Amino acid sequence: MFEGASVALITPFTKDDRVDVKGLKANISHVIEGGVSSIVPCGTTGESATLSFEEHKEVIQVAVEHSTVPVIAGTGSNNTKEAVELTSFAADVGAHAALVITPYYNKPNPKGIIEHYETIMDACDIPIVLYNIKSRTGLNIPPELMAELASYPAIIGVKEASGDLNQISRIIEMTQDEDFFVISGDDAMTLPIMALGGIGVISVVANIAPSMVSALTQSMLKGDYAEARRLHYTLAPLVRAMFLETNPIPVKKACELMGLAAGHLRLPLAELSPENEDILRRQMESLGLL
């Protein structure tokens with residue numbers, strides 16, 4: 001269901017700091033027309049950390065109601081009760097899966113990680129995709145613990161953004177006998193992770209270049225590695241520009257430049273620097289996005 005290019009959606013805001021529902025729907029239509037296989041609202045790229053509970057639920061519901069492709073709803077929290085509430089909501093409104101990040105800041109031990117996910121699974125009838133990103137959470141799920149979590153039927157995969165190809169290879173090796181997938185959580189790592197056996201990417205860049213990201217992943221899935229490499233290197237300068245500053249600062253600017261719904265960033269994130277905006281603009285122009 002989730003093979004290929006999924007998109008980590010931005011959350012557009014109105015001038016009076018509400019969720020731009022009309023703009024969100026337009027953005028969803030844009031990426032679906034570009035060929036993405038699924039959409040991921042309320043992840044890091046969607047500024048989930050500064051969405052209220054009510055806004056978080058609103059974005060998930062709008063995404064589910066408007067999308068014609070599967071929805072993986074971001075529902076994680078470092079508070080297990082909050083993660084249960086958001087994941088239950090996603091299940092109730094019809095999301096196809098929940099993306100549940102490892103608890104950040106708390107830095108739980110392995111027993112705590114397992115019990116966190118067990119509590120969510122016991123309370124919520126929805127497939128769960130783990131999200132492993134130490135750079136954001138301060139906590140890495142090592143391959144041995146990942147393999148243990150993969151043995152739970154409700155846990156169907158992991159968005160891997162550790163940046164460690166040795167770890168990712170080991171996870172794929174250790175979970176080959178499970179009904180469990182690995183999907184890249186880093187645009188720059190899509191090709192190598194898929195070469196190891198990953199099924200695609202949950203992409204930031206697909207907000208503005210969905211057709212190119214989709215073409216790259218489809219080339220890998222079909223075994224057309226020459227075309228995938230060509231697309232990888234074509235996209236590489238844009239990918240670098242999109243992460244010149246903390247995500248989603250550059251991607252929201254990129255969406256604004258393209259005329260997509262974006263709006264402001266919520267503090268503590270602030271606007272992209274003029275120097276980095278110039279770099280981003282040049283890379284977008286080189287690909288015909290502007």
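This section describes the nonpolar cores, an aromatic pair, a strand-helix-strand unit and a glycine in a loop of a predicted model.

In soluble globular proteins, nonpolar side chains tend to be buried together. The largest nonpolar core of the model contains 83 residues. Within this core, the residues with the most contacts are Ile39, Leu149, Ile208, Leu238 and Met242. Helix α10, which spans residues 225-241, supplies the largest share of the core, with six residues. When residues up to four places away in sequence are not counted, leucine 238 is in contact with Val205, Ile208, Leu280, Gln283, Met284, Leu287 and Leu289. Another core, of 16 residues, lies apart from the largest one, and Ile72, Leu99, Tyr131 and Phe181 are among its members.

One aromatic pair is present in the structure. A pair of aromatic rings is described by the distance of the centres and the angle of the planes. For phenylalanine 2 and phenylalanine 181, the ring centres are 6.1 Å apart and the planes meet at 55°, so the pair is classed as tilted. Phenylalanine 2 belongs to the segment before β1 (4-8), whereas phenylalanine 181 belongs to strand β7 (residues 181-184). The two residues are 179 residues apart, and the pair thus links distant parts of the chain. Both phenylalanine 2 and phenylalanine 181 are buried. A further ring, that of tyrosine 131, has lysine 159 over its face, at 4.1 Å from the ring centre.

In strand β7, Phe181 and Ile183 point one way, while Val182 and Ser184 point the other way. All four of these residues are buried. Strand β7 runs parallel to strand β6 (residues 155-160), and four bridges join the two. Among the residues involved, glutamate 160 has serine 184 of β7 as its bridge partner. Together with helix α7 (residues 165-174), strands β6 and β7 form a right-handed β-α-β unit.

Glycine 223 is located in the loop between α9 (210-222) and α10. The relative accessibility of glycine 223 is 35%, and this residue therefore counts as partly exposed, as values between the 20% limit for buried and the 50% limit for exposed fall in that class.

Note on methods:
Residues numbered from 1 in each chain as written. Predicted model: local features only at pLDDT ≥ 70, side-chain atom pairs only at ≥ 80, totals over all residues. Heavy atoms only, no water. Core = buried A, V, L, I, M, F, W, Y, C linked by side-chain atoms within 4.5 Å. Buried < 20%, exposed > 50% of the residue type's maximum accessible area, 1.4 Å probe, protein only. Contact = heavy atoms within 4.5 Å. Phe/Tyr/Trp six-rings, centres within 6.5 Å; stacked < 30°, edge-to-face > 60°. Lys NZ or Arg CZ within 6 Å of the ring centre and 35° of its normal. Pairing = 2+ DSSP bridges. Right-handed = clockwise from strand over helix to strand, strands pointing away.
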